[in-house]
Amino acid sequence: REDTVTDQSELARLAHVTQPRMTQIMNLNHLAPDLQEQLLFLPSVEAGRDRRYEKMLRPLTAIPEWRLQRLQWATIRTA
């Protein structure tokens, strides 16, 4: 009713995902803002499977320095 969520587990239930998956999703907030924007505006995959996926980004979310995140992202992006 109040449009508030008490914790991440509740958010996972509302989104119909597991709590560990919600943690993975929320960890994407640790990425540098410009990287988040690039991810949001990646072109759609028209055929086949996308070469990039969330699991590849997990190590980046653990890097606290955005400059280092950007260097890692450049490697992933060109793979």
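These legends describe close-up views of one predicted model.

Residues are numbered from 1 along each chain as its sequence is written. In this predicted model, local features need pLDDT of at least 70, side-chain atom pairs count only at pLDDT 80 or more, and totals for chains, interfaces and linings use all residues, while side-chain values use heavy atoms, without hydrogens and water.

View 1. Read from the N terminus, the order is α-α-α-α-α. Helices (H or I, at least four residues) and strands (E, at least two) are DSSP runs, numbered from the N terminus. Along the principal axes, the C-alpha atoms fill a box of roughly 45 × 35 × 20 Å. The radius of gyration of the chain is 15 Å, whereas a compact globule of 79 residues would have one near 12 Å. That radius is taken over C-alpha atoms, and the globule rule is 2.2 Å times the number of residues to the power 0.38. Of the 79 residues, 15% count as buried. Buried means under 20% relative accessible area, exposed over 50%, and partly exposed in between (1.4 Å probe, protein chains only). Among contacts with a separation of 6 or more, 52% join residues 24 or more positions apart. Contact means heavy atoms within 4.5 Å.

**View 2. Helix α3 meets helix α5.** Helix α3 covers residues 33–40, and helix α5 covers residues 66–78. Their axes come within 9 Å and cross at roughly 25°. The two helices are therefore roughly parallel to each other. Angles under 35 degrees count as roughly parallel, over 145 as roughly antiparallel, 65 to 115 as roughly perpendicular, and the rest as oblique. Axes are lines fitted to C-alpha atoms, for helices over the stretch in contact, with angles from 0 to 180 degrees between N-to-C directions. From α3, the contact uses Pro33, Asp34, Leu35, Gln38 and Leu39. From α5, it uses Trp66, Gln69, Arg70, Trp73 and Arg77. By class, this contact has five nonpolar, two polar and three charged residues.

**View 3. Arginine 70 pairs with aspartate 34.** Side chains of opposite charge can pair when their charged atoms come close. Here the closest N and O atoms of the salt bridge are 2.8 Å apart. A salt bridge is a side-chain nitrogen of Lys or Arg within 4 Å of a carboxyl oxygen of Asp or Glu. Arginine 70 sits in α5 and aspartate 34 in α3, so the pair ties together parts 36 residues apart in sequence. Arginine 70 is partly exposed at 36% relative accessible area. Aspartate 34 is also partly exposed, at 27%.

**View 4. Arginine 58 pairs with glutamate 54 inside helix α4.** The closest N and O atoms of this salt bridge are 2.9 Å apart. Arginine 58 is partly exposed, at 34% relative accessibility. Glutamate 54 is buried, at 15%.

**View 5. Arginine 67 pairs with glutamate 65.** Their closest N and O atoms are 3.1 Å apart in this salt bridge. Arginine 67 is partly exposed, at 48%. Glutamate 65 is partly exposed, at 38%. Elsewhere, salt bridges that share partners join Arg21, Glu54 and Arg58 into one network. The whole structure holds four salt bridges.

**View 6. Threonine 61 is buried in helix α4.** Helix α4 covers residues 54–61. The relative accessible area of threonine 61 is 14%. Threonine 61 touches Asn27, Leu28, His30 and Leu31, leaving out residues up to four places away in sequence.

How values were computed
Nonpolar A, V, L, I, M, F, W, Y, C, P; charged D, E, K, R; others polar.
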